[in-house]
Amino acid sequence: MNHLDLRWNEIPYAGEKKPPSNSEEMLATSLATHYLKMNGNDNFITNQGENIQFDIRSPHKINWEKELKFVQKTIKEIKPHQKELATYWGTGFPTKYFTPLMETLMGSYKVSTPIAAKIYAAVLAAINDSFVVTWHLKFKYLVPRPIQLDHNLTTILDTPRHPSYPSGHATIAGCTETVLNYYFPNEAKRLRILAKECAASRLYAGVHFPIDNEEGLRLGRQIGRIAVHELKKEPL
């Protein structure tokens, strides 16, 4: 599958007879954005009108057969703590554990109420933009899920009804890490660990290839940097 001969909307999920037609969240690409925007040529630009070249590998340059073998090996040798991480990060929205983290950080650093509101708005706006970019790329690339390529794969969680590459959890984790680093630089190490843990949990769940998570983190951090570039123009 190195050249993506098989696409997400052409292969049934395990236990199903027809390819998926009830995709989740396709309308995410139509959401309003804050720190970047899509131009008429199906490309993204900064608010200043500069073209954005996203830091993500073309799926046509990825060895998907090798990626699938990695997923199969991971699930076969899955450890208890990896199952726990898969469930912890994979239950609910990708932002479920980052939102209370923001509150914890603002409490620890005694952030004033107005600044707390600004931080919430800034981080969630960047996450919104990450969703838009990620879902645009998912449906542009249409990379199948592991469970579509191996119907015998036993996943820890149910596989979402949208394409695999890149990982939404990983992209949002990378973006959140980067924007929160701007406001809480002393927490950089802790935030990086959490972002990597969130991304890796999708492999442990069996719903993503490792490259989905690696490239998702990279993409999210780039979107985070774009947001921070704009935030630096505003007073704290």
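Which residue lies over the face of Trp135? Lys138 does, at 5.3 Å from the ring centre. A charge sits over a ring if NZ of Lys or CZ of Arg is within 6 Å of the ring centre and within 35 degrees of the ring normal. Arg161 is placed over the face of Tyr13 in that sense, 4.4 Å from the ring centre.

Some ground rules. This is a predicted model, where local features need pLDDT of at least 70, side-chain atom pairs count only at pLDDT 80 or more, and totals for chains, interfaces and linings use all residues. Residues are numbered from 1 along each chain as its sequence is written, and side-chain values use heavy atoms, with hydrogens and water left out.

Now the aromatic rings. Searching the whole structure gives 12 aromatic pairs. Rings of Phe, Tyr and Trp (its six-membered ring) pair if their centres lie within 6.5 Å; planes under 30 degrees apart count as stacked, over 60 as edge-to-face, the rest as tilted.

Take Trp89. With Tyr97 the pair is edge-to-face, at 5.8 Å centre to centre and 80 degrees between the planes. With Phe98 the centres are 5.4 Å apart and the planes are at 40 degrees, so that pair is tilted.

On accessibility, buried means under 20% relative accessible area, exposed over 50%, and partly exposed in between (1.4 Å probe, protein chains only). Trp89 has 2% relative accessibility and therefore counts as buried. Phe98 is buried too. Tyr97, at 21%, counts as partly exposed.

Last item: Trp64, Tyr141, Tyr165 and Phe209 form one aromatic cluster.
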